[in-house]
Amino acid sequence: MAPTFTLKPGTEWPTAWQRCRAVAPEAFREDRVLNLWNGAWQADGHPLPATTPVDGTPIAGPPRLDATTAHHAVRASLDQHRAWLDVPLADRKARVGAALDALTEHRELLALLLVWEIGKPWRSAQADVDRAVDGVRWYVGEIDRMAAGRAPLPGPVSNIASWNYPMSVLVHAMLIQALAGNAVIAKTPTDGGLACLTLASALAAREGLPVTLVSGSGGELSEALVRAPEIGCVSFVGGRDTGARVATAVADLGKRHILEQEGLNTWGIWNFTDWDAFAPQIRKTFDYAKQRCTAYPRFVVERAAFADFLAHYLPAVREVTLGHPLAVSDPAGPLPELDFGPLINAAKAKELNDQVAEAVDRGAIPLHRGDLAAGCFLPGQDTSAYVPPVTLLNPPSASPLHHAEPFGPVDTIVLVDTEAELLAAMNASNGALVATLSCDDAATYERLAPQIRAFKIGHGKPRSRGDREELFGGFGASWRGAFVGGELLVRAVTRGPAEDERLPGNFPHYHLMP
């Protein structure tokens, strides 16, 4: 008999919301959050309705500002920026360190908000908070040497980021930008992360950090957050369509920029036999339903190795677990260890299911289809945002699944017979952030890897954004502007002594590797 699941006591959304109100009453009201600008929490904007992807129930929605108010917020941030310039580095380090202590104190609440707002499983949500805190602590210890001989930018850094990593990407970047001497502006992602970012920003603002947090339509606020002359740098994480518009704007204005965009990350299999090393890594690629910029949704497999590949791939993908991240069979027991929960919303789940159906209609061969019935769900709960794992062989070239990142638990497999076909298939999206090539011969790897258009390439192992000193960027359309990671992140948001400084990065007129 299948177990009956119930919501873990103490994890309910109303309970989490009341905890937020108790921790940061200045930022949370009974029915909404506030915007933070001009050094104060403002009850402005128009709150939109929102639901959690976990079970479709209502949660707090973003209080959208209009363009005029956003311009006021940017001008106020410039005033904060100019005042922050006078704060010595030792004081900046102390204030950022105090903010990190506060984030650590409220780690579990921040993680719980991530579960409800963007559907992260509990383990992944905690890891997102921990990576943000641990990463910034490392920068606090290294900033003296990194900032030596450099100055903050002439204006604040404007951050526009996707919803999938509010802490380890967005908050991490914001705190380092402030540590380097800049005021910081962030727009809350439209699809989720509002309460988590509001709580984190409240804790940072209490320590005197010059943080601005606003909500609104990207189209309506872009004039203020991207084009405004007060902005010293634009940092963007998101899709290629929006990224291209931002890139055009910053290029026209000659503005400093860091634009991380999507790419189809691929895993190639060529002249390979070490399947015992490969098999344990397959299930891990499904973490957070592949809703990551460094996920691997495409396997490019030598035809002669396809049978062996399937013999190890299919058992692993059948072990992938999904469900309600807070559903337990024993109320006194721990939260479940799931590979993933829902996608970011029901609309994305429908879009992905439609793309799979269309690809199959046009000739793709389904090799695996998971079943929601195997998931851990509450009785009668809404499951419209959940998609089980799917694997397709040879998606048709007209399908989005052939050339674009699906941002969901759908793998596609392409078979190749020659090295030329292997490289063409691995470079299908004109640039990627990461790639992996599994082959037995090290010399073959060393010869083929430089021809793969990805910033990071692994030999038989997946690559990721990395932390601390590890650099990060992209090739082709996957990245525009300055590269980041380690010292490069600080260089990207500061000025060196030379007026004509050329930062490592992918710019309209040059590409410079570190």
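I took contact to mean heavy atoms within 4.5 Å. The model I examined is a predicted one.

**Entry 1: helix 5 against helix 6**

I looked up which residues of the two helices touch. From helix 5, Asp128, Val129, Arg131, Ala132, Gly135, Val136, Tyr139, Val140 and Ile143 take part. Their partners in helix 6 are Pro166, Met167, Ser168, His172, Leu175, Ile176 and Leu179. I sorted this contact by class and noted eleven nonpolar, three polar and two charged residues.

I then turned to the geometry. The axes of helix 5 (residues 122–147) and helix 6 (residues 166–179) come within 8 Å, and they cross at roughly 20 degrees. Angles under 35 degrees count as roughly parallel, so helix 5 is roughly parallel to helix 6. I recorded the crossing as right-handed.

**Entry 2: the largest cavity**

I searched the whole structure and found three cavities of 30 Å³ or more. The largest has a volume of about 370 Å³. I listed 27 lining residues for the largest cavity, with Val169, His172, Arg465, Val484 and Leu489 nearest its centre. Elements giving two or more residues to this lining are helix 5, strand 9 (157–161), helix 6, strand 12 (233–238) and strand 13 (256–261). Helix 6 supplies the largest share, six residues. By class, I noted 13 nonpolar, eight polar and six charged residues in the lining of the largest cavity.

**Entry 3: the second largest cavity**

I noted a volume of about 40 Å³ for the second largest cavity. Its lining consists of Val171, Met174, Leu175, Ala200, Ser201, Ala204 and Val211. Helix 6 and helix 7 (194–206) are the elements that give two or more residues to this lining. I classed six residues of the lining of the second largest cavity as nonpolar, one as polar and none as charged.

Technical notes. Residues numbered from 1 in each chain as written. Predicted model: local features only at pLDDT ≥ 70, side-chain atom pairs only at ≥ 80, totals over all residues. Heavy atoms only, no water. Axes fitted to C-alpha atoms, helices over the stretch in contact; angles between N-to-C directions. Helix = DSSP H or I, 4+ residues; strand = E, 2+ residues; numbered from the N terminus. Parallel < 35°, antiparallel > 145°, perpendicular 65-115°, else oblique. Left-handed = near helix turned anticlockwise from the far one by under 90°. Nonpolar A, V, L, I, M, F, W, Y, C, P; charged D, E, K, R; others polar. 1 Å grid on protein atoms, 1.4 Å probe; cavity = no way out; pocket = protein on both sides within 12 Å on 5 of 7 lines; lining within 4 Å. Points joined across faces, edges and corners; volume = space filled by probe spheres on them.
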